[in-house]
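Subject: Structure handover and notes on helix packing

Dear colleague,

Please find the structure below, followed by my notes on it.

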Amino acid sequence: MPVHDYPFVYPVKEAVYKEIGGRKLRFFVFEPDAGGANRPAVLFFIGGTFTPNPNTPAEFQHHAHYLASKGYVAICVECRTGQDEGFTPVQAIRDARSAVRWLRAHASALGVDPNRVAVCASSSGGYTAVSAIMFDHLNDEGDDLSVSPVPDALVVFAAGMDAVDIAERLFPELLPGARDISPFHHVKKCLPPALWMIGTADPLYAQNRDFVERMTAAGNDIAWVEYEGMEHGFFRHGRHGNRPLEETRERIAEFLKSKGF
């Protein structure tokens, strides 16, 4: 399978964190100007990846570049997508678990503190990130199961949590077992401290609010932040004069700092 080229406008370093089915999956790493060890890290998982024409890891580069300027090792993660033959969301979930594990296992070489690893994800990437925490049976054979795939903090932008709905729209062959991989149907205490951001005009607003309220009642620490009148993907580069992009990346940095990052 050919290596994909992505439109990064900032310099990045590449590292392969997983090879599966002939596909090399990569980290695109933004490093702080100052070197060092035991730095906090953030892994970014973009949304819009379940379709045959998916978004690319570069979509989160402006958030990643900003956090690198604040001393984080910020990484845009490449996962299997709707472009891959036979793709289902389960593959992306397994990739997300592999990514966190690989980062922790190679923390010393990357100058990262393995106990300060955050995940930031949007839309389908948010579904992937939450499911990767919630469903601990979804592992690939090459994973080191002794390393935890659960990050130390989580940031989510408006993500579909109902896998039954996702299957109905995109993967009808998964419908018989969709509830088994549906966070919406498996509310429990399992998440690290989380920041959840969403626009009130997002079609997922009601579903996300319901899910977060029930997850909070189950004992999860989730900070819920609404952006009045904002649509799905409002935080992306080029929208609304980039004001939401700037506001959300600052809010992420403040949230992570409050959690010891």
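Is the crossing of H2 and H4 right-handed or left-handed? The crossing of H2 and H4 is right-handed, where a crossing is called left-handed if the near helix is turned anticlockwise from the far one by less than a right angle, and right-handed if clockwise.

Before going further, please note that this is a predicted model, in which local features need pLDDT of at least 70 and side-chain atom pairs count only at pLDDT 80 or more, while totals for chains, interfaces and linings use all residues. Residues are numbered from 1 along each chain as its sequence is written, and side-chain values use heavy atoms, with hydrogens and water left out.

**H2 and H4**

Helices (H or I, at least four residues) and strands (E, at least two) are DSSP runs, numbered from the N terminus. The axes of H2 and helix H4 (residues 123-134) come within 8 Å of each other and cross at roughly 65 degrees; axes here are lines fitted to C-alpha atoms, for helices over the stretch in contact, and angles run from 0 to 180 degrees between N-to-C directions. That angle makes H2 roughly perpendicular to H4, given that angles under 35 degrees count as roughly parallel, over 145 as roughly antiparallel, 65 to 115 as roughly perpendicular and the rest as oblique. On the H2 side the contact (heavy atoms within 4.5 Å) involves Pro89, Ala92, Ile93, Ala96 and Arg97, which meet Tyr127, Thr128, Ser131 and Ala132 in H4. By class, the residues of this contact divide into 6 nonpolar, 2 polar and 1 charged, with Ala, Val, Leu, Ile, Met, Phe, Trp, Tyr, Cys and Pro counted as nonpolar, Asp, Glu, Lys and Arg as charged, and the others, Gly among them, as polar.

Helix H2 (residues 89-105) has 17 residues and should span 24 Å at 1.5 Å a residue, which agrees with the 24 Å between its end C-alpha atoms; the expected span is 1.5 Å times one less than the number of residues. H4, with 12 residues, reaches 17 Å from its first C-alpha to its last, close to the 16 Å expected. Because 15 of the 17 residues of H2 are buried, H2 is largely enclosed by the rest of the structure, and H4 is mostly covered, with 12 of its 12 residues buried. Buried means under 20% relative accessible area, exposed over 50%, and partly exposed in between (1.4 Å probe, protein chains only).

**H1 and H7**

The axes of helix H1 (residues 61-69) and helix H7 (residues 243-258) come within 10 Å and cross at roughly 45 degrees, so H1 is oblique to H7. H1 passes H7 in a right-handed crossing. The contact is made by His62, His63, Tyr66 and Leu67 of H1, together with Leu245, Thr248, Arg249, Glu250, Ile252 and Ala253 of H7, and it has 5 nonpolar, 3 polar and 2 charged residues.

**Individual residues**

Asn242, in the loop between strand E8 (222-227) and H7, has a positive phi of about 65 degrees although it is not a glycine. Ala158 also has a positive phi, near 30 degrees; Ala158 is found in the loop between strand E6 (153-157) and helix H5 (163-170), and is buried, with a relative accessible area of 6%.

Tyr205 lies in helix H6 (residues 205-217) and counts as buried at 13% relative accessibility. Not counting residues up to four places away in sequence, Tyr205 touches Ile198, Gly199, Thr200, Trp224 and Glu226.

Best regards
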